[in-house]
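The following note collects points for a colleague who is examining the structure shown below.

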Amino acid sequence: MFDSHFHTTDPRLITLPEVVQGKNHGVEIGADFESLPAVFEYAREHEGIYCTAGVHPEYADTYSANDFENFVVANLNEPKFVAIGECGVDYHRDDLPSREQQITVFEHQIFMADRYHKPLVVHSRDAWEDTANVLIANRSKLKHGVLIHCMSYTAEQAKFLMEQLSGVPVYFAFGGHITYKNKAYLHDTLRAIPLDRILIETDAPYLAPVPKRGEINRPQYIQYTAETMAQVLNKTVDEIELMTRNNAYQFYKIKAVQ
Ligand SMILES: [Zn+2]
């Protein structure tokens, strides 16, 4: 499997043997500014692992536009550097930075993606309206592609976004919560998305799929998410693996060399 979104340099995962050996292929996602050097170093040192530079909305209150741009510019020659993000909006908890701060930081990273010709990885939780509004208003800056990671919205919302962003390559990644009983509506969402725009991810160490729900998520648990996606789409797990790998390579502009 090619895992389109994980955080294996997280202290909860970095000592796992398969992480040390770089056995999980996918994209190591940068989510806080302080950790970006470690994220890039991990990708540089392991075959089949790529990296992104982003600041999650949780850290919007400490974001420095200058520092972030300097980091991006300093790493433009890094072939493993495939996208800007994760960035976006998250209204799930009350103790997060203000909505205004989150949107400002999100918009700056959209600007960076456009300026430096990278696709954009978006995090959006309980914030559908602002996510859609910001993306639609910045449509012209998304020509390198946008990925809604850990897609948690309805089929209607997915279709609306694809219509409003017509001409923009819009992708959606599904994670562990497509296996949750209380998120069964995501089956309809998955079926509403063109097959060439669907990615798979773990978001490890977060959002472990059933039957591991509640545990620290690991890249190997991607199998459970793939099994649910295969059932929903009436495909085999092997077909899901091939399809999501090709789509991830398309979105992240990775050449199929492995
Ligand atoms: Zn993440």
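**Note on the predicted model**

1. In strand β3, residues I49, C51 and A53 point to one side while Y50 and T52 point to the other, and all are buried. The coordinates come from a predicted model. With 5 of its 5 residues buried, β3 is largely enclosed by the rest of the structure. The burial class used here requires 20 or more other C-beta atoms within 10 Å of a residue's own.

2. Which strands pair with β3? On one side, β2 and β3 are joined in the parallel sense over 3 bridges, and V27 stands opposite Y50 of β3. Strand β3 (residues 49–53) is also joined by 3 bridges to β4 (residues 81–90), and these two strands run parallel. Within that pairing, T52 stands opposite A83 in β4. Helix α2 (residues 36–45) packs on the sheet, where it touches β2 (26–28) and β3, and its direction makes about 160° with that of β3.

3. These pairings belong to an open sheet of 8 strands in the order β1-β2-β3-β4-β5-β6-β7-β8, with parallel pairing. The edge strands are β1 (3–6) and β8 (198–200), each of which pairs on one side only. From one strand to the next, the twist averages 30°. As background, the strands of a sheet pair through backbone hydrogen bonds, in either a parallel or an antiparallel arrangement.

4. For the chain as a whole, the count is 9 helices and 8 strands. The radius of gyration is 17 Å, close to the 18 Å that the globule rule gives for 258 residues, so the chain is as compact as a globular protein of that length. Its C-alpha atoms fill a box of roughly 45 × 40 × 35 Å along the principal axes. Of the 258 residues, 45% count as buried. Among contacts between residues at least 6 apart in sequence, 71% join residues at least 24 apart.

5. The 12 residues of α8 should span 16 Å at 1.5 Å a residue, and the end C-alpha atoms are 16 Å apart, which agrees. The buried residues of α8 are I222, T225, A226, T228 and M229. Seen down the axis of α8, these buried residues fall within an arc of 165°, so they line one face of the helix. In general, an α-helix has 3.6 residues a turn, so residues three or four places apart point the same way.

6. Against what do the buried residues of α8 pack? Their partners are β1, β7, α7 (186–192), β8 and α9 (237–252).

7. Two non-glycine residues call for a check of the backbone. Phi of D126 is near 50°, a positive value; D126 lies in the loop between β5 (120–125) and α5 (128–137). D126 counts as exposed, with 12 C-beta neighbours inside 10 Å. The other residue, N234, has a positive phi near 55° and is found in the loop between α8 and α9. N234 is exposed, with 8 other C-beta atoms within 10 Å. For context, most residues other than glycine have a negative phi, and most peptide bonds are trans.

8. Where are the cis peptide bonds described in this note? One runs from G85 to E86, with omega near 15°, and E86 has its place in strand β4. Another runs from A204 to P205, also with omega near 15°; P205 is found in the loop between β8 and α8.

9. A last point concerns D10, in the loop between β1 and α1 (17–20). Is D10 buried or partly exposed? With 18 C-beta neighbours inside 10 Å, D10 counts as partly exposed. The C-alpha atoms of D10 and G167 are separated by 36 Å, and the two residues are 157 apart along the chain.

Methods
Residues are numbered from 1 along each chain as its sequence is written. This is a predicted model: local features need pLDDT of at least 70, side-chain atom pairs count only at pLDDT 80 or more; totals for chains, interfaces and linings use all residues. Helices (H or I, at least four residues) and strands (E, at least two) are DSSP runs, numbered from the N terminus. The radius of gyration is taken over C-alpha atoms; the globule rule is 2.2 Å times the number of residues to the power 0.38. Two residues are in contact if their C-beta atoms, placed from the backbone, lie within 7 Å. Two strands pair if DSSP finds at least two bridges between them. Axes are lines fitted to C-alpha atoms, for helices over the stretch in contact, and angles run from 0 to 180 degrees between N-to-C directions. The expected span of a helix is 1.5 Å times one less than its number of residues. The arc is that of the directions from the helix axis to the C-beta atoms.
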